[in-house]
Amino acid sequence: MVAKTRGLNTELVFQNILQDMRLGNIVGGDKLVANTLAIRYNVSRTVIREVLVRLVQAGIAESTRNAGCRVRRISIEELCNMYELREALEVIATEKLTQSGASPEIIARLRECCERLRINNGVDKQLADRDFHNMIFNSCGSDVISRFARNSFIILMLFNSTLDQFRNRAFHGRSNRVIFREHSAIVDAIESGDVKAATRRMASHISKARDVLVKTFLK
C-alpha cells in the first residue's frame, strides 16, 4: 500500500512541477533541491528523488555531480528540430483523425479550443493552443504519436520558461486572430473529411510557426 501511494504521489508531484513550469513558477536553469521541493509539495524526499529521476529521463532536467539537479535550458536550434519532427507527426495524426472520421464531440472540443485562443492572451493563449494540438494527437488513435506530443509540448514549455522575456515572440510571434483562422480551417477540413486539405493546412500551420521562430531568434 505504501509503495502504491508513493507511486501516486510521484505522478502527482511530477504533473504539479510541469504545471508550475507552464505558469512560469519554475524556469530553465532553476535548481531543483529535494528538501525544498518536499516542503513545497508536501511529500517525502524519497518521492522527490523519484520525481527528479523522471524529470532527468524525460529530458526536462539535468543532473551533474557539482551542480546538482537543474531544469534544462532549451536552445533555439533544439526547438527548431523539434518543430520539424512535430510537423511530420502532426500531419500524420491529422490524416489519421480525418480518415477515421472525427466524432461531433471531438469537433466541438476543437472548436472550443479555437474560441479560447481567440479571446485569450498570455498563458491562457498558450494553453488553448496546446490543448488544440493535444486533442488532435490524442484522438488520432496512435499511442506512439500521443507520447511524442507530450514530450513535444514539454520542450516548448521549457523554451518559453528559458526565454521568458521573449514569451510572446516565442509563442509563434503571431496574433490570436491569425492562429485562430488557421486552427479553424484545420477543423473545417477534419469535419468535412477532406484529408488532403486537413494535412496541407496543418503542415502549413506548423511550418509558419517554425519560420517565425527562426526569423525571430536566428537571424
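What follows is a dialogue about a predicted model and the terms used to describe its helices, cysteines and selected residues.

Biologist: What elements does the protein have, and in what pattern along the sequence?

Modeller: The protein has 10 helices and 2 strands. Along the sequence they follow α-α-α-β-β-α-α-α-α-α-α-α. Of the 219 residues, 46% count as buried. Among contacts with a separation of 6 or more, 73% join residues 24 or more positions apart.

Biologist: Why are H2 and H3 called roughly perpendicular?

Modeller: Two packed helices are described by the angle between their axes and the distance between the axes. Take the angle here. The axes of H2 (residues 34–41) and H3 (residues 45–57) cross at roughly 110°. The range for roughly perpendicular is 65 to 115 degrees. The value falls in that range, so H2 and H3 are roughly perpendicular to each other. As for distance, the two axes come within 9 Å. H2 passes H3 in a right-handed crossing.

Biologist: Which residues make the H2 contact with H3?

Modeller: Ala34, Asn35, Leu37 and Ala38 lie on the H2 side, and they meet Arg45, Ile48 and Leu52 in H3. By class, the contact has 5 nonpolar, 1 polar and 1 charged residues.

Biologist: How do you know whether asparagine 42 is buried or exposed?

Modeller: Its relative accessibility is 71%. Exposed means over 50%, so asparagine 42 counts as exposed.

Biologist: What makes H9 roughly parallel or antiparallel to H10?

Modeller: The axes of H9 (residues 176–192) and H10 (residues 195–217) come within 8 Å and cross at roughly 160°. Angles over 145 degrees count as roughly antiparallel, so H9 is roughly antiparallel to H10. The crossing of H9 past H10 is left-handed.

Biologist: Which residues make that contact?

Modeller: H9 gives Ile179, Glu182, His183, Ala185, Ile186, Asp188, Ala189 and Ile190. H10 gives Ala197, Ala198, Arg201, Met202, His205 and Lys208. By class, the contact of H9 with H10 has 8 nonpolar, 2 polar and 4 charged residues.

Biologist: Why is valine 195 called partly exposed?

Modeller: Its relative accessible area is 22%. Buried means under 20% and exposed over 50%, so valine 195 falls in between and is partly exposed. Valine 195 is found in helix H10.

Biologist: What does valine 195 touch, not counting residues up to four places away in sequence?

Modeller: Valine 195 touches Glu95, Thr98 and Gln99. Take glutamate 95. Glutamate 95 and valine 195 are 100 residues apart along the chain, yet their C-alpha atoms are separated by 5.8 Å.

Biologist: How do you know whether cysteine 113 and cysteine 140 are buried or exposed?

Modeller: Cysteine 113 has 5% relative accessibility. Cysteine 140 has 8%. Buried means under 20%, so cysteine 113 and cysteine 140 count as buried.

Terms used
Residues are numbered from 1 along each chain as its sequence is written. This is a predicted model: local features need pLDDT of at least 70, side-chain atom pairs count only at pLDDT 80 or more; totals for chains, interfaces and linings use all residues. Side-chain values use heavy atoms; hydrogens and water are left out. Axes are lines fitted to C-alpha atoms, for helices over the stretch in contact, and angles run from 0 to 180 degrees between N-to-C directions. Helices (H or I, at least four residues) and strands (E, at least two) are DSSP runs, numbered from the N terminus. Angles under 35 degrees count as roughly parallel, over 145 as roughly antiparallel, 65 to 115 as roughly perpendicular and the rest as oblique. A crossing is left-handed if the near helix is turned anticlockwise from the far one by less than a right angle, and right-handed if clockwise. Contact means heavy atoms within 4.5 Å. Ala, Val, Leu, Ile, Met, Phe, Trp, Tyr, Cys and Pro count as nonpolar, Asp, Glu, Lys and Arg as charged, and the others, Gly among them, as polar. Buried means under 20% relative accessible area, exposed over 50%, partly exposed in between (1.4 Å probe, protein chains only).
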